[in-house]
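Trainee: Could you take me through one part of this structure closely, namely the place where the two chains meet?

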Number of protein chains: 2
Amino acid sequence: MVVERKSHITIKDVAKLAGVGIATASRALNNRGDVHPETRRKVLEAAQKLGYVPNSLARSLVYGKTKKVGVIITTVLNPFYAAVVSGIERVLTANGYTLILYNSNEDPRKEREALLILRQQRVDGIIFAPIEYESQNVKYLIDSKIPFVLVARRTLEEDTSFVIADDFKVGKIGTEHLIEKGHRRILFLNSWKNSSAKFRLEGYKSALREAGFLINPKLIYSIKPDTDLKKLISEIFSSKSRPTAIFCFCDSIALEVMKVVKEEGLKIPDDVAILGCDNLDYTELLNPSLTTIDISKFDMGVLAARILLGLLEDNKEPVRYIFEPKLVIREST
Amino acid sequence: MVVERKSHITIKDVAKLAGVGIATASRALNNRGDVHPETRRKVLEAAQKLGYVPNSLARSLVYGKTKKVGVIITTVLNPFYAAVVSGIERVLTANGYTLILYNSNEDPRKEREALLILRQQRVDGIIFAPIEYESQNVKYLIDSKIPFVLVARRTLEEDTSFVIADDFKVGKIGTEHLIEKGHRRILFLNSWKNSSAKFRLEGYKSALREAGFLINPKLIYSIKPDTDLKKLISEIFSSKSRPTAIFCFCDSIALEVMKVVKEEGLKIPDDVAILGCDNLDYTELLNPSLTTIDISKFDMGVLAARILLGLLEDNKEPVRYIFEPKLVIREST
DNA sequence: CTGTTAGCGCCTTCAT
DNA sequence: ATGAAGGCGCTAACAG
């Protein structure tokens, strides 16, 4: 016969051992209201002796607040998001909040699932990098009434809080740099469906247009997580009119592209120039060092978290913040 | 038809709208017991209409299980841990578990705090990369009776579950490789206090000893998060008998070292060889490409999560698994 | 100052 | 097949 042992010490146990009522124990434990010093001592001692750990589920049930924040990003495998999450975490934990992390992996179904679970968990707020610019999931989130702030990516809604980079400018200054370097056929390996992809593409086009060049749709690709970069690149470079430069959506993609390009026996930047984006730590030491566009990753996370805290605690108006990107010229272009 | 909603719809609301009792609503919602098909339909419809989202806090209170797992690592900023976490997440979410992430940043106090909060949150289990080999926090965790598995780092306890690399071997094959390349003065930039540091150091010494060389304590350093690498390196290299090779605890450190070494005007590997560990994605493309030691990061996470699930669901015995490291020779040595 | 009581939202006997 | 009632652990009135 297995005896079902009570798995956790409760406040009841503490109260009993201290020889006081349950409410008194609660008061003593939480420094609330008036408790006789001696009583408090007894309670704390009992708690100590029993190894009492308050159950925050029960507490949250009562309070209606959980002190938890959900974070949904693409994947922490991308150092860009790792940095964003790190910034978020810094602020959140400093303010007594716990962080629940979800990686959507660019799959809207997983994103939706994450949202549902976060609602079930009754998180107080959500920080979110939505997969799509026109996002059903963000609509759903708005309906849910949970305070949230978008990070790194925005959506078409005008009245949401977000912290993003000026992606139009990213696309523009990157392309301008390549044009300046004499490139005319610039391959744009863009991301997929998200706001950054959308606005960077517009920046790319704008730069081309202003320089008086035609926009060649065949030079614009959307990379999905399952895209076979190797195949794509070698196809593109087997055509007669191969591009002389590649503008990659992010450094992670640029890294992959560099591998493939090298395998193809092409020299960087002589045969093909490569431009990344994010200015990840290692890009400075790549061979050749990667020209890229710096975006304040960590600070974006910090600010997003701060804004969310504002939303949670003061019930402020939506806040929008746009970080300025900065071109970092190195050897790859 | 606008529905006025209070802060959260409860099962009570659903029951009322469906015109049934709470218990029946619960049964219908959870496909439990016998419910008349027509009743079920009404309940589900009501839930749908109200946008009901079950409160998992309340549910967990009843069940005594939360379906949540806590993860404590050094920092997700290190791609090594990002990969580990990613592996963990893959398995956990696939099994209906939610992941709560904490970064200890090598600070035992933060680590302890994380442990406390996870207990308060009543997580079902914990996956944990402890900062110290002789860890008070792991003792505390053991006392807490929460099932856990250590990942990447172990402690002196023999009867805990863990998934680690064979760190003695890491230290050994790395050092042997450098010796083979003709190096005699090998600087070991080790980590701090954790099991990997301990065993790798033993491997390093063992290799030196077996080759018949003396162990020079002045060539062994422990890098802490706040160590000024630049200063350290330039001091070391300003002495007459400078090392000819540097064995770095991990690729992230190796990256920093490469930057500093280059600033000092030294050529790699001619003036100084550099060896990393972890085989991060970008190391292949560094200038020069980094010789490193491959460790199955993602798989370590996957396995740790699987083992934890085993512990949670079948209440199995502790499981220990040690991954084989593999030397990856490139240009930097 | 302290104990009793009524929930927070949900699930589960136990009757009906 | 269904509803009433008790309880998970905790906090907040409300009485003493």
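Mentor: The following account concerns the interface between the chains. This is a predicted model, in which local features need pLDDT of at least 70 and side-chain atom pairs count only at pLDDT 80 or more, while totals for chains, interfaces and linings use all residues. Residues are numbered from 1 along each chain as its sequence is written, chains are lettered from A in the order in which they are written, and side-chain values use heavy atoms, with hydrogens and water left out.

Chain B contributes 46 residues to the contact and chain A contributes 47 residues, contact meaning heavy atoms within 4.5 Å. The buried area is about 4500 Å², with 58% from carbon and sulfur atoms; this is the accessible area (1.4 Å probe) that two parts lose on being put together, summed over both. Within chain B, Leu57(B), Arg122(B) and Leu285(B) lose the most area to chain A, together 18% of what that side buries.

The interface of chain B and chain A holds 2 salt bridges, each a side-chain nitrogen of Lys or Arg within 4 Å of a carboxyl oxygen of Asp or Glu. Lys259(A) and Glu284(B) form a salt bridge through their side chains, at 3.5 Å from N to O. Strand 2 of chain B gives the most to the side that touches chain A, with 6 residues; strands are DSSP runs (E, at least two residues), numbered from the N terminus. That side of chain B divides into 22 nonpolar, 13 polar and 11 charged residues, where Ala, Val, Leu, Ile, Met, Phe, Trp, Tyr, Cys and Pro count as nonpolar, Asp, Glu, Lys and Arg as charged, and the others, Gly among them, as polar.

Technical notes
Helix = DSSP H or I, 4+ residues; strand = E, 2+ residues; numbered from the N terminus.
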